[in-house]
Amino acid sequence: MMKKVPEHIKDFCFDISTEDTVFDVLKETYGSYGELYKVKCTCNCVLFELTLDDHPTAYAKCSACQKEIILYELEFYPSAIKLRDTFPQYTFRNGNFFEICMYFEYPDDWEGNNDISSAAGWCYEPSSQVLIEFLNDETA
Ligand SMILES: [Zn+2]
């Protein structure tokens with residue numbers, strides 16, 4: 001069965017293990033509606049700097065190898081309307097590194113991995129043990 005996940009992030013999305021007590025609890029609320037994934041870099045690192053704008057878009061930068069991962073970007077989704085091209089970006093809680101969980105929901109008549117209807121994202125900072133929802137957006 002094909003994994004339902006947008007193309008730009010598919011290489012960085014992994015199933016959430018039951019031992020992942022922070023993100024595993026999200027399955028109870030969201031697991032039956034869409035797909036939940038933990039974000040992991042190709043270098044295996046799970047801690048990222050988070051960059052957002054109010055568009056919204058969301059990007060993660062690996063704290064180990066500095067690779068940039070697109071978490072959420074409206075221009076890739078067929079049902080999304082992009083109103084403007086540029087919005088000021090800001091580093092979310094600058095100086096902090098987060099573990100990241102992404103959620104993608106698809107319409108019943110989905111036509112491909114980029115055809116999402118909504119998305120959400122959570123970040124967890126291990127040192128403070130704070131879990132924050134940084135993204136919750138409907139594309140359609
Ligand atoms: Zn990396």
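Reply: The model is a predicted one, and the questions below take its labels in turn.

Me: What elements does the protein have, and in what pattern do they follow along the sequence?
Reply: The protein has two helices and nine strands. Along the sequence the pattern reads β-α-α-β-β-β-β-β-β-β-β.

Me: What makes the protein as compact as a globular protein of that length?
Reply: The radius of gyration is 14 Å, and the globule rule gives 14 Å for 140 residues, so the protein is as compact as a globular protein of that length. The C-alpha trace spans about 40 × 35 × 25 Å along the principal axes.

Me: Which strands form the open sheet, and in what order?
Reply: Five strands form it, in the order 1-2-7-8-9, with antiparallel pairing. Strand 1 and strand 9 are at the edges because each has a single partner strand, and one side of each is left without a neighbour in the sheet. Within the sheet, four bridges join strand 2 to strand 7, with Tyr37 opposite Met102. Strand 7 and strand 8 are paired over seven bridges, and Ala120 in strand 8 is the bridge partner of Tyr103.

Me: What makes strand 7 mostly covered?
Reply: The cut-off for a buried residue is 20 or more other C-beta atoms within 10 Å. Five of the seven residues in strand 7 are buried. For the protein, 25% of the 140 residues count as buried.

Me: Which residues touch the most other members of the largest nonpolar core?
Reply: The core has 30 residues, and Val39, Phe48, Leu71, Ile100 and Met102 touch the most other members. Strands 2, 3, 4, 5, 7 and 8 each supply at least two of its residues. Strand 7 gives the most, with five residues.

Me: How do you know that Met102 touches residues from elsewhere in the sequence?
Reply: A contact needs C-beta atoms within 7 Å. Not counting residues up to four places away in sequence, Met102 touches Ile9, Cys13, Tyr37, Val39, Leu71, Ala119 and Gly121.

Me: Which side chains of strand 4 point to the buried face, and which to the other?
Reply: Ala58, Ala60 and Cys62 point to one face and are buried.

Me: How many bridges join strand 4 to strand 3, and how many to strand 5?
Reply: Six bridges join strand 3 to strand 4, running antiparallel, and Thr51 stands opposite Tyr59. These two strands form a hairpin with three residues between them. Strand 4 and strand 5 pair over four bridges, again in the antiparallel sense, with Tyr72 as the bridge partner of Ala58. Their hairpin has five residues between the strands, and Gln66 there takes a positive phi near 70 degrees.

Key:
Residues are numbered from 1 along each chain as its sequence is written. This is a predicted model: local features need pLDDT of at least 70, side-chain atom pairs count only at pLDDT 80 or more; totals for chains, interfaces and linings use all residues. Two strands pair if DSSP finds at least two bridges between them. A residue is buried if 20 or more other C-beta atoms lie within 10 Å of its own, exposed if 12 or fewer, and partly exposed in between; C-beta atoms are placed from the backbone. A nonpolar core is a set of buried Ala, Val, Leu, Ile, Met, Phe, Trp, Tyr and Cys residues joined through C-beta atoms within 7 Å. Two residues are in contact if their C-beta atoms, placed from the backbone, lie within 7 Å. The radius of gyration is taken over C-alpha atoms; the globule rule is 2.2 Å times the number of residues to the power 0.38.
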